[in-house]
Amino acid sequence: MKKFRLALGELDTLCRYISDNFRSGVVILRGDLAAGKTTLVKGFVKHMGIDDEVTSPTFSLQQCYGKDIFHYDIYNHGLEHFISLGMLEELERDGYHFVEWGDDKLVEILTSVGMDVISIDIEKISADTREYKVCIH
């Protein structure tokens, strides 16, 4: 596990770590409400040179940025609903798949079928600072 304690303006450090160490797969984002899950995705999209507007996919379930960054939120309906909609197949596409509110069960399912997975636990330290615990599975 690798830890980062960063101000929101320093997110590029974490984004560079992700892009340097993880070429494609699923990034599970965990943290309390307003911890910065969508903010991290915004930073990553910017880091990758994509100028798309990043918004939380809470009600749409999936957002796409550029041709290979995908963003999901399973908070409202849960993992079982996500699976029942066939969204696991979406995660097999080449690219970065950021899943907000993923849990250990999702990590277990994905790693059991050989998918590359990173989990990032985000803890709000202050209004401008977060601690990110990154685990490559």
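A nonpolar core is here a set of buried Ala, Val, Leu, Ile, Met, Phe, Trp, Tyr and Cys residues joined through side-chain atoms within 4.5 Å. The model is predicted, and in it the largest such core has 26 residues, of which Leu14, Leu40, Ile69, Phe98, Ile120 and Tyr132 have the most contacts inside it. In soluble globular proteins, nonpolar side chains tend to be buried together.

**The nonpolar cores**

- The largest core, with its 26 residues, receives two or more residues from each of strand E1 (2-7), helix H1 (11-21), strand E2 (25-31), helix H2 (37-47), strand E5 (96-100), strand E6 (117-124) and strand E7 (129-136).
- Among these contributors, H1 gives the most to the core, with five residues.
- Apart from this core lies another, made up of 17 residues, including Ile28, Leu88, Val99 and Val107.

**Helix H1 and Leu40**

- The buried residues of H1 are Leu11, Leu14, Cys15, Tyr17, Ile18 and Ser19, and the elements against which the buried residues of this helix pack are E1, H2, E5, E6 and E7.
- Once its neighbours within four places in sequence are left aside, Leu40 is in contact with Leu11, Leu14 and Cys15, and also with Leu29, Ile120 and Ile122.

**Strand pairing around E6**

- E2 and E6 run parallel and are joined by six bridges; Val27 has Ile118 in E6 as its bridge partner.
- E6 and E7, by contrast, run antiparallel and are joined by seven bridges, with Ile120 standing opposite Val134 in E7.

- The side chain of Glu131 makes a polar contact with the side chain of Arg5, at 3.2 Å.
- Leaving aside neighbours within four places in sequence, the residues in contact with Glu131 are Lys3, Phe4 and Arg5, together with Asp121, Ile122, Glu123 and Ile125.

Terms used
Residues are numbered from 1 along each chain as its sequence is written. This is a predicted model: local features need pLDDT of at least 70, side-chain atom pairs count only at pLDDT 80 or more; totals for chains, interfaces and linings use all residues. Side-chain values use heavy atoms; hydrogens and water are left out. Buried means under 20% relative accessible area, exposed over 50%, partly exposed in between (1.4 Å probe, protein chains only). Helices (H or I, at least four residues) and strands (E, at least two) are DSSP runs, numbered from the N terminus. Contact means heavy atoms within 4.5 Å. A polar contact is a pair of N or O atoms within 3.5 Å; within protein, one must be able to donate a hydrogen and the other to accept it, and residues adjacent in sequence count only if both atoms are side-chain atoms. Two strands pair if DSSP finds at least two bridges between them.
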